[in-house]
Amino acid sequence: KHVLCEKPAAINAAQMTSIISAANEADRFFMEALWSRFNPVLAEVIQRTRDGQVGPARFIEADFSFRLDASEGSRTHDPAQGGGALLDIGIYPIFLAYTLLGVPETVQASMIRHPSGVDEQVAVIMAYEKALATAYAGFASPSGLEATISGEEGRFVVHPLWHEAESYTYFGNGEWE
């Protein structure tokens, strides 16, 4: 059968390679289901950015964090089940950077580890030739749940909850908050 899989589709590169190989061998479609990619508001912001409304994108920042008291054996804190902030919710801010800027030249990350071994908080800096992107995800405290795409001529601020966006604001021509 063709497969549309909830994220994370795999916990590591070897698992993902195996899944893609199996889909190709069976001549079947496989896709990780990142539903935010199909949100109409995000799709509009992404398109307007690609169309150059803010000029070349120079900085993207996005966060996704909330306080989560995980019970013993919780999926979100179990390494065997793909737990941790990065795999569970960190993929949303990283998806935004990859969608607009592509694969970074360098990546730096730091984390705070939960007693179960997974990352409870993670901060990522992605560097490109002429842009930077930061992503933050965590289960320790709430964040602003906002995304900003800044370019040479303006910026978009995608309002909370940005990963399921209902609205955004465009600031351009020297009009800043």
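Entry 1: I am working on a predicted model, where local features need pLDDT of at least 70, side-chain atom pairs count only at pLDDT 80 or more, and totals for chains, interfaces and linings use all residues. Residues are numbered from 1 along each chain as its sequence is written, and side-chain values use heavy atoms, with hydrogens and water left out.

**Entry 2: the cover.** Helices (H or I, at least four residues) and strands (E, at least two) are DSSP runs, numbered from the N terminus.

**Entry 3: α2 against α3.** I checked helix α2 (residues 40-50) with helix α3 (residues 85-101): their axes come within 10 Å and cross at roughly 35°. Axes are lines fitted to C-alpha atoms, for helices over the stretch in contact, and angles run from 0 to 180 degrees between N-to-C directions. Leu42, Ile46, Thr49 and Arg50 of α2 meet Phe95, Leu96, Thr99 and Leu100 of α3. Contact means heavy atoms within 4.5 Å.

**Entry 4: along α3.** I found a kink of about 55° at Ile91, shortly before Pro93. The bend is the angle between axes fitted to the seven residues ending there and the seven starting there. Just after α3, Gly102 has a positive phi of about 85°.
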